[in-house]
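Here is a briefing for a reader who is new to this structure. Start by looking over the sequence and the model.

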Amino acid sequence: MDTLKTILYFSIFNYPLKLEEICNFSITKDCETIRKNLDELVAQNVIIKVDDYYMVDANRNHIEKRKQGNLMAVEALVKAQQKARLIAKFPFVEAVGVSGSLSKGYYDSKSDIDFFVITRPNRLWICRTFLMLYKKIFLLNSRKYFCINYFMSSANLEVDEKNRFTATEIKTLIPFQGKAVFAEFYQKNQWVSDVFGQFVPNLTTTEEIRKRPAIRLVERILNTKSGNWLDGCFKFITVSFWKMKFKEMAHDDFKIALKSTKNISKHHPLNFQKKVISSLNEKYEEIKKNHNIELQKEYV
């Protein structure tokens, strides 16, 4: 029933899917078998097919919204690639990709462009601080085209939270900069194939990063014991501020939504991952109640 799980997952975002997209997120890649399975679900009124789209309700507005979002994503991806090149120029950046709704081919007036950044080991918090200062000073803290909320160092490329949400984000991630580092990242996260079947990432258009001499000089200057101290200092200041700002957040939620280690920095104060997984499990319960189809519960 991974086909139904996929439809239910994207229904959280009111995003109807086409057959080839459902196949892409299925363990089996036999689209004819999947089509027959979908036809059975339609006949049982579990899902609905409108034109070429499969969905859990017949709201055509979701289809039109998706079409408009797909069109707007084309232009947004051009901007994202330009911003990725800019981010890649910063000290200690080793790879840059785009995640979030844009990585799924959708963008609208309310969307941000979400970037995923891989840094050099032991310099994640210096790198993050430089990028945040740039955003606050030169972009007036605007996150519209410069939302960087997930940093990971190349010393620890395996994602700890292995669930449908993180698997979807990895599978749909668009790797713009840092081809060799992304190749290693995907190698470390082959578990995604256990969720969605064989996953072969496309790195053909991913560029290698070439830093300017001035940036290389900054990296050499900070590649010292004082650089180690500064990285730890920036981490302490940032995490202390977050603990004060989000003091009402439960400790377990903080550890996931605002994960802060030597090799990881996440800034997801709304804990979107937990909300999505909770919403998905609620949909599973509805399916069980209304159609007597039991789907295995998801965990954060």
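**A cysteine in helix H3**

Cys31 touches Leu19 and Cys23, leaving aside residues up to four places away in sequence. The model is a predicted one. Cys31 belongs to helix H3, which covers residues 31-43. Its relative accessible area is 29%, so Cys31 is partly exposed. Leu17 lies 14 residues from Cys31 along the chain, and their C-alpha atoms are 14 Å apart.

**The sheet**

- Five strands make an open sheet with mixed pairing, in the order E6-E3-E4-E5-E7.
- Strand E6 (174-177) and strand E7 (264-266) are the edge strands, and each pairs on one side only.
- From one strand to the next, the twist averages 25°.
- Strands of a sheet pair through backbone hydrogen bonds, and the pairing is either parallel or antiparallel.
- Strand E3 (residues 93-99) and strand E4 (residues 114-119) run antiparallel and are joined by six bridges.
- Val96 has Val117 in E4 as its bridge partner.

**Ile118, a residue of strand E4**

- Ile118 sits in strand E4.
- Is Ile118 buried or exposed? Its relative accessibility is 0%, so Ile118 counts as buried.
- Ala95 is 23 residues from Ile118 along the chain, yet their C-alpha atoms are separated by 4.9 Å.
- Leaving out residues up to four places away in sequence, Ile118 touches a set of residues that includes Phe92, Val93, Glu94 and Ala95.
- Met152, Ser153, Ser154 and Leu157 are also among the residues that Ile118 touches.
- Further contacts of Ile118 include Val181, Phe182 and Phe185.

**Helices against the sheet**

- Helix H4 (residues 60-88) lies across E3, E4, strand E5 (147-153) and E6.
- H4 runs at about 50° to E6.
- Which residues are buried in H8? They include Val181, Phe182, Phe185 and Tyr186.
- Seen down the axis of H8, the buried residues fall within an arc of 135°, so they line one face of the helix.
- These buried residues of H8 pack against E3, E4, E5, E6 and helix H7 (164-172).

**Aromatic pairs**

- How many aromatic pairs are there? The count comes to 19.
- One of them joins Phe13 and Phe272: the ring centres are 6.0 Å apart and the planes are at 55°, so the pair is tilted.
- Phe13 has a relative accessibility of 34%, so it counts as partly exposed.
- Phe272 has a relative accessibility of 43%, so it too counts as partly exposed.
- Tyr186 and Phe199 form an edge-to-face pair, at 5.7 Å centre to centre with 80° between the planes.
- That pair also links distant parts of the chain, 13 residues apart.
- Tyr186 is in helix H8 (residues 179-188), and Phe199 is in the loop between helix H9 (192-196) and helix H10 (213-222).
- Both Tyr186 and Phe199 are buried.

**An aromatic cluster and a charge**

- Ring pairs link a cluster made up of Tyr9, Phe10, Phe13, Tyr15, Phe25, Tyr106, Phe165, Phe196 and Phe272.
- Over the ring of Phe25 sits the charged end of Lys171, 5.7 Å from the ring centre.

Technical notes:
Residues are numbered from 1 along each chain as its sequence is written. This is a predicted model: local features need pLDDT of at least 70, side-chain atom pairs count only at pLDDT 80 or more; totals for chains, interfaces and linings use all residues. Side-chain values use heavy atoms; hydrogens and water are left out. Two strands pair if DSSP finds at least two bridges between them. Helices (H or I, at least four residues) and strands (E, at least two) are DSSP runs, numbered from the N terminus. Axes are lines fitted to C-alpha atoms, for helices over the stretch in contact, and angles run from 0 to 180 degrees between N-to-C directions. Contact means heavy atoms within 4.5 Å. Rings of Phe, Tyr and Trp (its six-membered ring) pair if their centres lie within 6.5 Å; planes under 30 degrees apart count as stacked, over 60 as edge-to-face and the rest as tilted. Buried means under 20% relative accessible area, exposed over 50%, partly exposed in between (1.4 Å probe, protein chains only). A charge sits over a ring if NZ of Lys or CZ of Arg is within 6 Å of the ring centre and within 35 degrees of the ring normal. The arc is that of the directions from the helix axis to the C-beta atoms.
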